[in-house]
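The entries follow in the order in which I made them.

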Amino acid sequence: SLGHAEVNVVRRPRVAILSSGDELVDVDDALAPGKIRNSNSHVLAALVTEYGGMPVRLPVARDNLDSVRRLFKDALAHDVDMIVSSAGVSVGTHDVVRTVVNELGHVDLWRVNLRPGKPVAFGHVQGVPFFGLPGNPVSAMVTFDIFVRSALLHQMGDDANALPMVFAELGETLRSDGRRTYVRVRLE
């Protein structure tokens, strides 16, 4: 009705989301000793959706090279624009995600001077941007907001993606160990 036969559109990025850990069970599975619920993949999928992406949730990778390798190849088979993982990028004996990323591509950045969220990885897996977030749920959400959100919005052509900033006075003393610290607060 406006006389425009063509309009500019932006394709919503497809984002593969995978979590790793032998301790993870699905949200509807019974908890056994030493197990925790896989909440990160659900939260990360919701955040991807909130910022305009299309999440592709993958099964949990077990803490071994074959399982993680298989899930990364599955992510690539889904023709995704970004891969976001949670857990497996730190220095533990079961943290094998970085090893697999270096096999299939390369890690460009590992660890940041940040609390929470120091064990963050960024790289590319066969040309697809990869973000490896910590396994701790709060750390995963904070690092998603700091790193992944901006990259996701940039893929959609939105470079004005700053969050609103609120300045407030602390009600108690806060000490820093030198890292940029993101703390939970209640505004009054």
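I began with burial in strand β5 and found that 5 of the 5 residues of β5 are buried, so β5 is largely enclosed by the rest of the structure. I take buried as under 20% relative accessible area, exposed as over 50% and partly exposed as in between, with a 1.4 Å probe and protein chains only. Strands here are DSSP runs of E with at least two residues, helices are runs of H or I with at least four residues, and both are numbered from the N terminus. I note that this is a predicted model, in which local features need pLDDT of at least 70 and side-chain atom pairs count only at pLDDT 80 or more, while totals for chains, interfaces and linings use all residues. Residues are numbered from 1 along each chain as its sequence is written, and side-chain values use heavy atoms, with hydrogens and water left out.

Which residues point each way from β5? I listed Met 82, Val 84 and Ser 86 on one side, with Ile 83 and Ser 85 pointing the other way, and all are buried. In a regular strand the side chains alternate between the two faces of the sheet.

Next I looked up the partners of β5, where two strands pair if DSSP finds at least two bridges between them. Strand β1 (residues 14-19) runs parallel to β5 (residues 82-86) and is joined to it by 5 bridges; Val 15 has Met 82 as its bridge partner in β5, and Ser 19 stands opposite Ser 86. With β9 there are 4 bridges, and the two strands again run parallel; here Ser 86 has Leu 133 as its bridge partner.

I then turned to β9, where 6 of the 6 residues are buried, so β9 too is largely enclosed by the rest of the structure. Both of its faces are covered, with Val 128, Phe 130 and Gly 132 on one side and Pro 129, Phe 131 and Leu 133 on the other. Strand β8 (residues 121-125) runs antiparallel to β9 and is joined to it by 5 bridges, and Val 125 stands opposite Val 128. I recorded that β8 and β9 form a hairpin with 2 residues between them, and that Gln 126 in the turn has a positive phi of about 50°.

For the sheet as a whole, I wrote down an open arrangement of 6 strands in the order β4-β1-β5-β9-β8-β6, with mixed pairing. Strands β4 (54-57) and β6 (105-110) stand at the edges with a single partner strand each, so one side of each is left without a neighbour in the sheet. The twist averages 25° from one strand to the next. Helix α4 (residues 137-155) packs on the sheet and touches β1, β5 and β9, and its direction makes about 165° with that of β9. Contact means heavy atoms within 4.5 Å, and axes are lines fitted to C-alpha atoms, for helices over the stretch in contact, with angles from 0 to 180 degrees between N-to-C directions.

Not counting residues up to four places away in sequence, Ser 41 touches Ile 17, Ser 19 and Arg 57.
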